[in-house]
Amino acid sequence: MKSFFTKPVNKALISAAFTVIIGVITSILGNWDTSQPFFALKVFLFILLIILYFVFTIFCTKIDLKQRYSNEVLKNQVDTFEALVISIISICQTTASDVNTCIHLANEKHIIDPNIWNYEKSCRLITEHIYSNICKLSNSKKYGVAYIRLIEDKNNESEVEMVAYANQNHHKPTIFKKKRPFKGENINLNNAYHDICLFAEGKADTDIRFGSDEVNEVFVYDSKEKAAKNRNKYHLYIGIPVFCDNNKMIGLLEIIGLDESKLKCATKEEVDEIVNKFFVPYANIFLLLHKLEKALLAGTKTTL
């Protein structure tokens, strides 16, 4: 039914019909002499048509506003998708160039120079691109992006480390470059940062917390003062796990929203759709870089 009224031709015809009929009734009423036949009926029809015309106008206006908003959201998503493709191309080109230089050096001297290319440098580049795309998508800069990687050790794989971040003020998170355990007898998951809990659970599902109440349920703070201060600070949390082919969680992409825009989504389901469209593809890039680092280091004896 709404689709019928969204067509300009149909709206114009109905509006014209209302105008003609109201004009005819006005003409029939003439000088509005109350003694003329069926005066009460004519006035009733006149008032009814005026009311229906106003209702029709309001209804069409609401449809136009919704359609305009939908078009704006769609355009925003299209622009963000274009930015996503461009950013992935940029990441691939930069990485390919640097890695090519590293390969030549490795072939000649069996040495990898991390100043030319390293995993953390690439992770920083990706988080910056993700942050930029989030700002385009939501028209807000109040977001934080971070990447936490598993510290792989042959004897012990029970620690993680935040290796990259991006936010509005380039503010360094307190846990940046700090190794934190997520396994062991002394780990209390009831009082641990949420990323630690996600690594401990090792689930492949994206974790979404929509609204300050849901975020408050999983966020913990070092003190009661910080908890009180930040209680309604965060309105969105997105945790996208990165798994390798042997079903081991090797990383976590985190997106945190500090305002109520929540990616311009009204429900958690809408956020999930946005995440799958625009952010999950980056998880595959993180995995690719992880494998690339392993491949580069496998044929070298020394790193500078």
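Author: In this predicted model, N276 belongs to helix α8, which spans residues 268-278. The residue counts as partly exposed because its relative accessible area is 42%, a value between the limits of 20% for buried and 50% for exposed. N276 and T206 are 70 residues apart in sequence, yet their C-alpha atoms are 9.1 Å apart in space.

Eight of the eight residues of β2 are buried, so the strand is largely enclosed by the rest of the structure. In a regular strand the side chains alternate between the two faces of the sheet. Both faces of β2 are covered, with Y143, V145, Y147 and R149 buried on one side and G144, A146, I148 and L150 buried on the other. As for its neighbours in the sheet, β2 runs antiparallel to β7 and is joined to that strand by seven bridges, with Y143 standing opposite G257 of β7. β2 also pairs with β3 in the antiparallel sense, again over seven bridges, and here A146 has Y165 of β3 as its bridge partner.

A pair of aromatic rings is described by the distance of the centres and the angle of the planes. With ring centres required to lie within 6.5 Å, the count comes to five aromatic pairs. One of them joins Y147 and F286, whose centres are 3.9 Å apart and whose planes are at 0° to each other, so that the pair counts as stacked under the limit of 30 degrees. This pair links distant parts of the chain, since Y147 sits in β2 (residues 143-150) and F286 sits in helix α9 (residues 280-298), 139 residues apart. Y147 counts as buried because its relative accessible area is 0%, and F286 is likewise buried at 0%. Elsewhere, F219, Y234 and Y237 form one aromatic cluster, while the charged end of K262 sits over the ring of F210, 4.6 Å from the ring centre.

Two or more lining residues come from each of β2, β3 (159-167), α5 (194-201), α7 (224-229) and β7 (249-257). By class, the lining has 16 nonpolar, eight polar and eight charged residues.

Notes: Residues are numbered from 1 along each chain as its sequence is written. This is a predicted model: local features need pLDDT of at least 70, side-chain atom pairs count only at pLDDT 80 or more; totals for chains, interfaces and linings use all residues. Side-chain values use heavy atoms; hydrogens and water are left out. Rings of Phe, Tyr and Trp (its six-membered ring) pair if their centres lie within 6.5 Å; planes under 30 degrees apart count as stacked, over 60 as edge-to-face and the rest as tilted. Helices (H or I, at least four residues) and strands (E, at least two) are DSSP runs, numbered from the N terminus. Buried means under 20% relative accessible area, exposed over 50%, partly exposed in between (1.4 Å probe, protein chains only). A charge sits over a ring if NZ of Lys or CZ of Arg is within 6 Å of the ring centre and within 35 degrees of the ring normal. Ala, Val, Leu, Ile, Met, Phe, Trp, Tyr, Cys and Pro count as nonpolar, Asp, Glu, Lys and Arg as charged, and the others, Gly among them, as polar. Two strands pair if DSSP finds at least two bridges between them.
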